[in-house]
Amino acid sequence: METNKDIFEEKPKSSLAKVSEILSTMASKPSGFIGLAILIFHVVLAVTSPWVAPYDYKSINPTLMLQAPSLEYWFGTDSLGRDVFTRTILGGRTALTVTFFGSIIALLWGGLLGIFCGLVGGRIDDIVMRIVDAFLSIPWILAMLLIVSLLGTSTEVLIPALGFFYGKGIVRVARAATHDVIAKDFIISAKARGHSNLSIIWNEILPNVRDAILVEGAMRWSWMLLGFSSLSFLGFGVSPPTPDWGLMISNARGLMSFAWWAVISPIIGLSTLIIGINLTADAFAKALGIDRSTKAPV
């Protein structure tokens with residue numbers, strides 16, 4: 001016979017239902033809707049750009065140098081006669097690929113190491129955090145320049161390098177979030193039952209600090225995008241002729257007075273993507289009930 005508890009007990013939501021609820025909450029606010037729309041537009045364009053691009057991004061034609069925007073060349077041509085529209089949409093593909101996978105690496109190593117340090121504490125925590133502090137004191141741009149000078153500028157080098165340098169801040173956030181939950185009764189009970197640190201991390205701590213870590217990761221994504229473009233602007237990003245927004249801005253920065261289209265197009269692409277990621281991250285934090293300034297539940 002069913003009891004009142006059985007009748008009114010709410011079934012746990014599936015992962016798909018939770019994701020759908022979070023997205024609905026994000027899209028319910030104007031800023032969240034705009035951010036999601038911009039981000040989805042860039043992602044779809046990045047995925048489809050090899051088929052959407054009207055010209056070969058490597059094709060050089062000296063007779064078409066610095067052509068103004070027209071029906072044939074929507075965003076004009078650059079100083080080598082290459083189609084700016086083609087290179088702009090393919091540049092977004094490069095930026096998103098490098099920074100997305102770099103953010104995943106940063107989340108994984110930074111989040112797990114921060115949780116582990118927060119749980120075990122003691123000498124291990126002190127040693128690891130002093131090492132992290134030492135790396136945080138080094139300007140990331142100088143360290144990245146050293147790495148790419150030694151190992152090259154391929155995506156196989158840039159992705160893990162960016163993932164490492166942008167994961168250091170996530171370590172501190174994950175550690176602080178872990179400190180907020182390790183004194184809870186369910187953690188003490190798990191330790192009393194003899195559960196291993198790995199079991200406690202995976203089953204008890206991670207579900208309770210995951211939201212704060214994901215919000216931090218979303219914020220770091222936009223910072224990494226700006227950092228990657230800065231590297232490219234300095235000539236230490238992906239190698240030419242691979243299209244990249246930072247490199248396009250660097251190559252065309254002296255043309256602003258008479259060929260503005262070659263500079264404006266990648267600037268618009270980069271700035272709108274950063275705005276979209278930031279608006280989405282802010283809406284994501286609010287949907288999860290996380291204060292972005294403290295990474296703590298509100």
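Guide: Axes are lines fitted to C-alpha atoms, for helices over the stretch in contact, and angles run from 0 to 180 degrees between N-to-C directions. Helices are DSSP runs of H or I with at least four residues, strands are runs of E with at least two, and both are numbered from the N terminus. This is a predicted model, in which local features need pLDDT of at least 70 and side-chain atom pairs count only at pLDDT 80 or more, while totals for chains, interfaces and linings use all residues. Residues are numbered from 1 along each chain as its sequence is written, and side-chain values use heavy atoms, with hydrogens and water left out.

Visitor: What are the angle and the axis distance at which helix α9 and α11 pack?
Guide: Helix α9, residues 197-233, packs against α11 at an angle of about 170°, and their axes are 9 Å apart.

Visitor: Why are α9 and α11 called roughly antiparallel?
Guide: Angles under 35 degrees count as roughly parallel, over 145 as roughly antiparallel, 65 to 115 as roughly perpendicular and the rest as oblique. The angle here is about 170°, and α9 and α11 are therefore roughly antiparallel to each other.

Visitor: How do you know that the span of helix α11 agrees with its number of residues?
Guide: The expected span of a helix is 1.5 Å times one less than its number of residues. For the 28 residues of α11, residues 261-288, that should be 40 Å, and the end C-alpha atoms are 40 Å apart, so the two agree. Gly-289, which follows α11, has a positive phi near 75°.

Visitor: What makes Ala-95 a buried residue?
Guide: Buried means under 20% relative accessible area, exposed over 50% and partly exposed in between, with a 1.4 Å probe and protein chains only. Ala-95, in helix α4, has a relative accessible area of 0% and is therefore buried. Not counting residues up to four places away in sequence, Ala-95 touches Leu-225, Phe-228 and Trp-245. Ala-95 and Ser-229 are 134 residues apart in sequence, yet 7.6 Å apart in space, C-alpha to C-alpha.

Visitor: Why does Arg-220 count as buried?
Guide: Arg-220 lies in helix α9, and its relative accessible area of 16% makes this residue buried. Leaving aside neighbours within four places in sequence, Arg-220 is in contact with Tyr-166, Gly-169 and Ile-170.

Visitor: How many aromatic pairs does a search of the whole structure find?
Guide: The search finds ten aromatic pairs. The rings of Trp-74 and Phe-85 have centres 5.1 Å apart and planes at 55°, so this pair is tilted. Rings of Phe, Tyr and Trp (its six-membered ring) pair if their centres lie within 6.5 Å, with planes under 30 degrees apart counted as stacked, over 60 as edge-to-face and the rest as tilted.

Visitor: Why is the pair of Phe-75 and Phe-85 named as it is?
Guide: The ring centres of Phe-75 and Phe-85 are 5.1 Å apart and their planes stand at 85°, so the pair is edge-to-face. Phe-75 counts as partly exposed, at 29% relative accessibility.

Definitions and conventions: Contact means heavy atoms within 4.5 Å.
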